[in-house]
Amino acid sequence: MGFLMAGSDSIYLGVDIGGTKVAAGLVDASGEILAKARAPMNPRGSAGEGFAAVRSAIDAALAMKPGVKLSGVGLCSPGPLDPRTGIVLNPPNLPCWRNYPLAKEVSKAYGVAARVDNDANAAGLAEYLWGAARGYRYVFYATLGTGIGTGIVFDGKIYHGRTGAAAEGGHITIDWHGPKCGCGKHGCIEVLASGPAIAARARAKIAAGDPRGAHLLKLVGGTEKIQAEQVAEAWRASDALATEVLAETADLLAIWLGNVIDVLEPEIIVIGGGVGELASHWFDRIKQKLPAWSINQRCTEIPIVLARYSADAGIAGAAALCVQ
């Protein structure tokens, strides 16, 4: 299935499929989201029930703009998947689908071409087309949140690698003595700098008797209740422990991005996600630390910027899959 050519009046449908919900939105040729809707997803039902949830969200979005003519449908699904065939292979978060031909089923149901990819790849493409990376040819995108996902866009094309499994940048190991990641490896950037990692580092410092976390503890009422959001709130209130935790996180991201730059040398690095928004306040520190972790003597020339799309990155990214 090839890319569609974008016209100025083209309308695309972007569908963001998760383990608990499906979000669908209508997106115009400039990347504006015109309407969006959600439907619950039952990940452990039958394949047909999973597809019914996708149709429910799509139909609800289409009902908001009656008579709209779609130029294509893009879908972000948990992986592993094959972006070339549009088949969802065996995602742990969606056991209802095994070797499920999602693109084919959507195309058959709605009479337009459909494309499937993972959310970070797609969001990177949306930033290249419409967002913070517009005008750049070589883009590295990362979404920082509960996990860390990444996408690579070169010359307007997502880099998929040999089988479609490329760009798992969240699982680059930067400390082989580090904690075990959910992927099975040790010391991945995801297990060190994601939202849960930030919270865990704050909890560990307080549990070790660090007295500087008084404000943070007062905020949440107990060590076990600390989440990344509270660490951010405490930092904004000048809490010394929270500040140290976030400075350490920025330093870990600098080590990681130094490796990324040495391998890819992108023209721009775009950071999205909830933790990405928090990290954006530390971009200057990350840039300052980069020369210690990259052999590229011009590494500090590469802009590190916040993504245009935040909560709607999945919808915008899915729609971007339809566009050339």
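Tutor: Helix α11 (residues 313-320) lies across β1, β2, β3 and β4 (72-76), with contact meaning heavy atoms within 4.5 Å. Helices (H or I, at least four residues) and strands (E, at least two) are DSSP runs, numbered from the N terminus. This is a predicted model, in which local features need pLDDT of at least 70, side-chain atom pairs count only at pLDDT 80 or more, and totals for chains, interfaces and linings use all residues. Residues are numbered from 1 along each chain as its sequence is written, and side-chain values use heavy atoms, with hydrogens and water left out.

Student: At what angle does α11 run to β1?
Tutor: Axes are lines fitted to C-alpha atoms, for helices over the stretch in contact, and angles run from 0 to 180 degrees between N-to-C directions. On that scale, α11 runs to β1 at about 130°.

Student: What is the strand order in the open sheet of five strands?
Tutor: Two strands pair if DSSP finds at least two bridges between them. The pairing in this sheet is mixed, and its edge strands, β3 (33-40) and β7 (114-117), each pair on one side only. Reading across, the order is β3-β2-β1-β4-β7.

Student: Which residue of β2 is the bridge partner of I11?
Tutor: Strands β1 (residues 11-17) and β2 (residues 21-28) are antiparallel, with seven bridges. In β2, the partner of I11 is D28.

Student: Why do the buried residues of α2 line one face of the helix?
Tutor: Buried means under 20% relative accessible area, exposed over 50%, partly exposed in between (1.4 Å probe, protein chains only). In α2 (residues 102-110), the buried residues are L102, A103, V106 and Y110. They line one face because, going by the directions from the helix axis to the C-beta atoms, they fall within an arc of 95°.

Student: Which exposed residues does the face turned away carry?
Tutor: The buried side of α2 is covered by elements including β1, α1 (47-63) and β7. The face turned away from that side carries K104 and K108.

Student: Is the ring pair of W235 and W282 stacked or tilted?
Tutor: Rings of Phe, Tyr and Trp (its six-membered ring) pair if their centres lie within 6.5 Å; planes under 30 degrees apart count as stacked, over 60 as edge-to-face and the rest as tilted. For W235 and W282, the centres are 5.7 Å apart and the planes at 40°, so the pair is tilted.
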